[in-house]
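I set out to record, entry by entry, what I looked up in this structure. Please keep the sequence and the structure at hand while reading.

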Amino acid sequence: MNAGWRAMESADLDRVMAIAEVVHPDYPEDRAVFAERLVLYPEGCAMAEADGIGIGYIVMHPGRLGVPPPLDSPLGALPETPDCLYLHDVALLPAARGMGMGVAALELMDALAARQGFRWLALTSTPGARAFWDAQGFLPYDGGAALAAKLASYGSGMTYMTRPMKG
């Protein structure tokens, strides 16, 4: 099976939404959120494919440490003084398991951060993904009460995590 990552295009948004419904049913986001991220930061949006079929996606963009964007909300604009590359979402269908696509997604994130000069990676982990991010060297970030309140709006068990960029 031939699997890999490629740049996301606007024509992929229907597939992104279908994948999101399977992988993240508890964290629904409007199509407009993904469309805006693709317009604002296309270099941070990619599709995972196996034999030409979309099996996942990744969406990332410049951010500020300790300040994740609200779930299911447009950014409006990228931050003027970003200090990290924020992983908005990575979703892989069950068919992608065992193909190394999660690790490959993290390699994409590291490479993009290096090209853009970011020293930090950041993400908000769902409870089910926490062990994966722990194994990849991400650590919980203590952002105080304001961050805790924002995470609570995502749902229970969410963890904001960071890791220095490798390389």
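**Basis of the entries.** I worked from a predicted model, in which local features need pLDDT of at least 70 and side-chain atom pairs count only at pLDDT 80 or more, while totals for chains, interfaces and linings use all residues. I numbered residues from 1 along each chain as its sequence is written, and side-chain values use heavy atoms, with hydrogens and water left out.

**Entry 1: α1 against α2.** I took helices (H or I, at least four residues) and strands (E, at least two) as DSSP runs, numbered from the N terminus. Two packed helices are described by the angle between their axes and the distance between the axes. For helix α1 (residues 13-23) and helix α2 (residues 31-40) I noted an angle of about 130° and axes 10 Å apart. Axes here are lines fitted to C-alpha atoms, for helices over the stretch in contact, and angles run from 0 to 180 degrees between N-to-C directions. The two helices, α1 and α2, are therefore oblique to each other; angles under 35 degrees count as roughly parallel, over 145 as roughly antiparallel, 65 to 115 as roughly perpendicular and the rest as oblique.

I then looked up which residues meet. From α1 they are L13, D14, V16 and M17, and from α2 they are R31, F34 and A35; contact means heavy atoms within 4.5 Å. The residues of this contact of α1 with α2 divide into five nonpolar, no polar and two charged. In this count Ala, Val, Leu, Ile, Met, Phe, Trp, Tyr, Cys and Pro are nonpolar, Asp, Glu, Lys and Arg are charged, and the others, Gly among them, are polar.

**Entry 2: the two sides of α1.** Which residues of α1 are buried? I found L13, V16, M17, I19 and A20. Seen down the axis of α1, its buried residues fall within an arc of 165°, so they line one face of the helix. The arc is that of the directions from the helix axis to the C-beta atoms. Buried means under 20% relative accessible area, exposed over 50%, and partly exposed in between (1.4 Å probe, protein chains only). The exposed residues D14 and E21 sit on the face of α1 turned away from its buried side. The cover over the buried residues of α1 includes α2, β2 (45-50), β3 (53-63) and β4 (84-92).

**Entry 3: α5.** In helix α5 (residues 144-154) I listed L147, L151 and Y154 as buried. Viewed down the axis of α5, its buried residues fall within an arc of 35°, so they line one face of the helix. Turned away from that side are the exposed residues A145, A146, A152 and S153. β4, β5 (120-125) and β7 (159-164) are among what covers the buried residues of α5. Just after α5, I noted that G155 takes a positive phi of about 130°.

Entry 4: H61 lies in strand β3 and, at 3% relative accessibility, counts as buried. Leaving aside its neighbours within four places in sequence, its contacts include R37, Y41 and H88.

L108 lies in helix α3 (residues 101-116) and is partly exposed, with a relative accessible area of 30%. Its C-alpha atom is separated by 9.0 Å from that of A46, 62 residues apart along the chain.

T126 lies in the loop between β5 and α4 (130-135), and at 18% relative accessibility T126 counts as buried. Not counting residues up to four places away in sequence, T126 touches Y27 and M158.
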